[in-house]
Each structure stands twice: as structure tokens, then as C-alpha cells.
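Please keep the model open while reading.

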Amino acid sequence: MLGLGGSNNGSGGGGAILIASSGTVTINGSCHANGGVLVGGGGFLGGSGGGIRLIANQLLGNGTIQAIQPLTSNPFYLGRVRIEANTASTALNVSPPTVAV
């Protein structure tokens, strides 16, 4: 279940992203599948982070890959990031942390 929506008319979840290449993928900007943000009605109503799957021979860059809920550090609202690459740049900022496969 990706991108769980918030309850009581809360925000939507982050959805899903797949980027696949037989060569090199370079991320110098941002790749986000973050949950929506809505605060009101007496509490937090944000959606959870979604899922990101990156498949490549090489994953390069110094950008950001995120699948989170920006308003909370509660692990229940984290999404998932899966990286399948023979080599991956250590300069990438990945959240939540992932294990390269």
C-alpha cells in the first residue's frame, strides 16, 4: 500500500515513481514522492510518503530522493525508496534511508 491518505478528509499519499534505465541515471535535482500536507481540524491530517524505485547500471548525482511526510518524523508515515544499481553515488541525499540492492 503506497501513499496512505490521511483520515478525516486529510491529504493524499505520495504515490509511486519508477525510473528505469539500462545505462546511467543522474539526479542532481529532486525526485519526491512526499505525502500531502494538511494541518487543521484539531490535528495532523497528512498523507504518508509514497514509493520510489530506481533501476540503473549507474546512479549518479548529488540530488535529493524523498518519500516522506514532511510534517512528522513518525515512521508510520514514511514511504519507501528502493535503489537497484551496480554503482550508486554516495553524494545522493536519500530519505528515508535505503539499502542499495
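Is Glu84 buried or exposed? Glu84 is buried, at a relative accessible area of 19%, where buried stands for under 20% relative accessible area, exposed for over 50% and partly exposed for what lies in between, with a 1.4 Å probe and protein chains only. This is a predicted model, in which local features need pLDDT of at least 70 and side-chain atom pairs count only at pLDDT 80 or more, while totals for chains, interfaces and linings use all residues. Residues are numbered from 1 along each chain as its sequence is written, and side-chain values use heavy atoms, with hydrogens and water left out.

Glu84 has its place in strand S8; strands (E, at least two residues) and helices (H or I, at least four) are DSSP runs numbered from the N terminus. Two salt bridges are counted, a salt bridge being a side-chain nitrogen of Lys or Arg within 4 Å of a carboxyl oxygen of Asp or Glu. In one, Arg53 is joined to Glu84, with the closest N and O atoms 2.6 Å apart. Arg53 belongs to strand S6 and Glu84 to strand S8, so this pair ties together parts that are 31 residues apart in sequence. Glu84 also forms a salt bridge with Arg82, where the closest N and O atoms are 2.7 Å apart. Side chains of opposite charge can pair when their charged atoms come close.

S6 and S8 pair in the parallel sense over eight bridges, pairing being assigned if DSSP finds at least two bridges between two strands. Here Ala56 stands opposite Ala85 in S8. Strand S1 (residues 16-20) pairs with S6 in the parallel sense over five bridges, and Ile17 stands opposite Ile52 in S6. Strand S2 (residues 24-26) pairs with S6 in the parallel sense over three bridges; the bridge partner of Val25 in S6 is Leu59.

What is in the largest nonpolar core? It has 15 residues, and Ile52, Leu59 and Val81 are among those with the most contacts inside it; such a core is a set of buried Ala, Val, Leu, Ile, Met, Phe, Trp, Tyr and Cys residues joined through side-chain atoms within 4.5 Å. Strands S6 (51-60) and S8 (80-88) each supply at least two residues of this core, and the largest share, four residues, comes from S6.
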